Amino acid sequence: MKIENTVDAIFTRRVSEVIDEPSIKTKLVSGKQLRIKYGIDPTATSFHLGHTVPLRKMREFQDLGHIGVFIIGDFTAQIGDPVGKSDTRNMLTLQETQKNAKEFVAFASKFIDMSKTEVHFQSEWYNTMTLEKSIRLMATVTKEQLMRHETFRKREKEHKPLGFHEMFYTLLMAYDSVMVHPDIELGGPDQKFNFLITRQVMEKFGLAPQSAMLLKFLSGTDGAEKMSKSSGNFIGMSENPDVQFEKIMKIRDDDIVNFFDLATSVAIEKLQILKSNLESQKLHPIAAKRCLALEIVSQAHSKEEANEADLKFFEAHRQLKNMI
């Protein structure tokens with residue numbers, strides 16, 4: 001496959017928006033080994049299917065020879081990302097976040113090439129961060145810039161509490177990039193504000209600003225909003241194979257193609273055939289969801305456990321098996 005075709009493909013699947021796309025394309029065809037950052041806050045012990053979307057994108061870059069930089073936010077998790085939160089969250093302890101982080105690293109290794117991955121805990125640099133460094137970090141932005149954050153504006157308008165530690169979250173996330181020097185950062189559309197601030201902070205520290213790739217959200221099992229632990233509409237990657245299988249079989253028919261696109265590595269050509277067969281009713285939605293469940297459970301656990309879960313599910317739902 002020509003490198004140009006591979007580069008074009010990496011900008012389409014799972015991607016919602018790209019910040020500084022021309023720079024990424026130039027670097028990709030230059031032969032330079034890029035550093036691809038993805039950070040995750042271990043605020044809970046459940047690593048869910050939605051978390052695999054950026055990990056799969058990171059793997060795409062790794063397959064082209066680039067380096068993944070996986071950041072475990074053991075410090076920022078204590079605060080919790082304020083994006084979309086109407087109230088101040090309770091702070092976790094460092095010990096709680098580091099305990100949760102172990103599960104996240106273990107499951108990330110199923111989706112990315114760990115031989116091409118740097119794993120960093122924020123505590124590597126924040127444990128030794130002085131007050132002087134903190135003040136220099138705060139000096140990279142103004143209050144007015146931080147108050148452009150939609151969540152912060154809404155809180156202020158509704159006269160709800162807004163802690164400075166929540167505003168500082170964005171700067172801590174930006175400082176991660178100052179420390180690891182990424183070329184590209186991956187995240188959801190809700191991270192756009194943070195990514196733009198990060199670019200500014202990096203320049204203030206004399207570094208080339210990172211580019212960013214905003215990835216599509218995986219819808220939850222209810223189809224109403226993005227998958228998340230707090231909404232209870234998630235498929236946990238450590239959940240029992242039987243539970244995972246049943247949850248996938250219960251997703252909305254309209255979400256089947258989206259799940260295959262974002263949460264599996266099925267080739268684009270096969271996705272197009274799948275979509276066509278569903279639309280023409282050559283393929284029953286139950287059969288499609290069965291294939292999806294087998295794919296996801298196999299990666300979370302094993303093919304053997306996925307097949308056992310499949311057997312149990314259709315023994316308990318014989319009327320569904322008769323439909324496919």
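A nonpolar core is a set of buried Ala, Val, Leu, Ile, Met, Phe, Trp, Tyr and Cys residues joined through side-chain atoms within 4.5 Å, where buried means under 20% relative accessible area with a 1.4 Å probe, protein chains only. This is a predicted model, in which local features need pLDDT of at least 70 and side-chain atom pairs count only at pLDDT 80 or more, while totals for chains, interfaces and linings use all residues. Residues are numbered from 1 along each chain as its sequence is written, and side-chain values use heavy atoms, without hydrogens or water.

**Nonpolar cores**
- The largest nonpolar core has 58 residues, of which Leu-49, Leu-186 and Met-213 touch the most other members.
- Helix α15 gives the most to this core, with seven residues.
- A second, separate core holds 23 residues, including Met-167 and Phe-193.
- Beyond its neighbours within four places in sequence, Leu-186 is in contact (heavy atoms within 4.5 Å) with residues including Ile-36, Lys-37, Phe-61 and Met-213.

**Sheet**
- Strands β2 (residues 35-40) and β3 (residues 67-72) run parallel and are joined by six bridges; Lys-37 has Val-69 of β3 as its bridge partner.

**Helix packing**
- Helix α12 (residues 241-249) and helix α15 (residues 285-300) pack at about 145 degrees, with their axes 9 Å apart. Axes are lines fitted to C-alpha atoms, for helices over the stretch in contact, and angles run from 0 to 180 degrees between N-to-C directions. Helices are DSSP H or I runs of at least four residues.

Definitions and conventions. Helices (H or I, at least four residues) and strands (E, at least two) are DSSP runs, numbered from the N terminus. Buried means under 20% relative accessible area, exposed over 50%, partly exposed in between (1.4 Å probe, protein chains only). Two strands pair if DSSP finds at least two bridges between them.
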